[in-house]
Amino acid sequence: MKIVKTNSKNPDFVKLVKQLDTYLAVTDGDEHDFYNQFNSIQNLKYVIVVYNNNEPIGCGAIKPFDDSTMEIKRMYVSPSERGKGFASKIIDALEAWAEELKYSYTILETGNRQFEAVAFYKKSNYTIIENYGQYKGVKNSVCFKKQLQ
């Protein structure tokens with residue numbers, strides 16, 4: 001396994017995000033267009049791509065939310081690679097990067113239909129918080145926060 005720090009111009013990241021969007025189009029159903037408007041990857045400066053046997057199999061990104069908080073975006077692991085600990089490696093790397101950049105918290109949003117994601121974030125010591133920003137009042141969104149070391 002290899003973890004690469006990059007940005008949103010990385011072609012492997014773009015390829016993985018397309019796979020993620022295809023998956024989310026099914027699970028989000030009628031609400032996909034609403035959520036998709038908040039998931040542009042054009043200007044993401046802090047991107048992680050994970051490779052297994054030189055194949056890109058997972059990704060994630062962070063972007064500044066406020067002076068003390070980074071928002072985690074575009075977390076994804078290819079279905080054939082799930083359950084092998086790659087998501088934990090990605091989120092650990094994103095959190096470490098946020099800390100290197102002097103941020104104290106990470107936040108994120110996921111859909112309540114992404115049962116595996118909700119369980120994963122809880123297992124990763126994220127706490128459910130009131131929906132923030134564009135997700136306020138959106139009943140199918142679940143927002144999380146974690147204090148970094």
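Visitor: How many disulfides does a search of the whole structure find, and what makes a pair count as one?

Guide: The search comes back with zero disulfides. To qualify, a pair of cysteine sulfur atoms would have to lie within 2.5 Å. Bear in mind that this is a predicted model, where local features need pLDDT of at least 70 and side-chain atom pairs count only at pLDDT 80 or more, while totals for chains, interfaces and linings use all residues. Residues are numbered from 1 along each chain as its sequence is written, and side-chain values use heavy atoms, with hydrogens and water left out.

Visitor: Why is cysteine 59 called buried?

Guide: Buried means under 20% relative accessible area, exposed means over 50%, and partly exposed is in between (1.4 Å probe, protein chains only). Cysteine 59 comes out at 0%, so it counts as buried. Cysteine 143, with a relative accessible area of 0%, is buried too.

Visitor: What makes something a strand or a helix here?

Guide: They're DSSP runs numbered from the N terminus: helices are H or I with at least four residues, strands are E with at least two. By that rule the chain has four helices and seven strands. From the N terminus on, they run β-α-α-β-β-β-α-β-α-β-β.

Visitor: Which side chain makes a polar contact with the side chain of lysine 73, and what makes a polar contact?

Guide: The partner is tyrosine 135, at 3.4 Å. A polar contact is a pair of N or O atoms within 3.5 Å; within protein, one must be able to donate a hydrogen and the other to accept it, and residues adjacent in sequence count only if both atoms are side-chain atoms. The 3.4 Å distance in lysine 73 and tyrosine 135 falls within that limit.

Visitor: How do you know that S3 and S4 pair?

Guide: Two strands pair if DSSP finds at least two bridges between them. S3 and S4 have seven, in the antiparallel sense, so they pass. They form a hairpin with two residues between them, and proline 64 stands opposite methionine 70 in S4. S4 also runs parallel to S5 (residues 105-111), with three bridges, and there methionine 70 stands opposite threonine 106.

Visitor: Why is the crossover from S4 through H3 to S5 called right-handed?

Guide: The term applies if, with the strands pointing away from the viewer, the path from the first strand over the helix to the second runs clockwise. The β-α-β crossover from S4 through H3 to S5 is right-handed, so by that definition its path runs clockwise.

Visitor: What makes S7 largely enclosed?

Guide: Five of its seven residues are buried, so the rest of the structure largely encloses S7. As for partners, S5 joins S7 antiparallel through seven bridges, with threonine 106 opposite lysine 146. S6 (residues 127-129) joins S7 antiparallel through three bridges, with isoleucine 128 opposite phenylalanine 144.

Visitor: Which residues does isoleucine 129 touch?

Guide: Contact means heavy atoms within 4.5 Å. Leaving out residues up to four places away in sequence, isoleucine 129 touches Ile107, Cys143, Phe144 and Lys145. Isoleucine 129 and cysteine 143 are 14 residues apart in sequence and 5.6 Å apart in space, C-alpha to C-alpha. At 26% relative accessible area, isoleucine 129 is partly exposed.

Visitor: What makes a nonpolar core, and how many residues does the largest have?

Guide: It's a set of buried Ala, Val, Leu, Ile, Met, Phe, Trp, Tyr and Cys residues joined through side-chain atoms within 4.5 Å. The largest has 24 residues, and Ile72, Met75 and Tyr121 have the most contacts inside it. H3 gives the most to this core, with seven residues. In soluble globular proteins, nonpolar side chains tend to be buried together.
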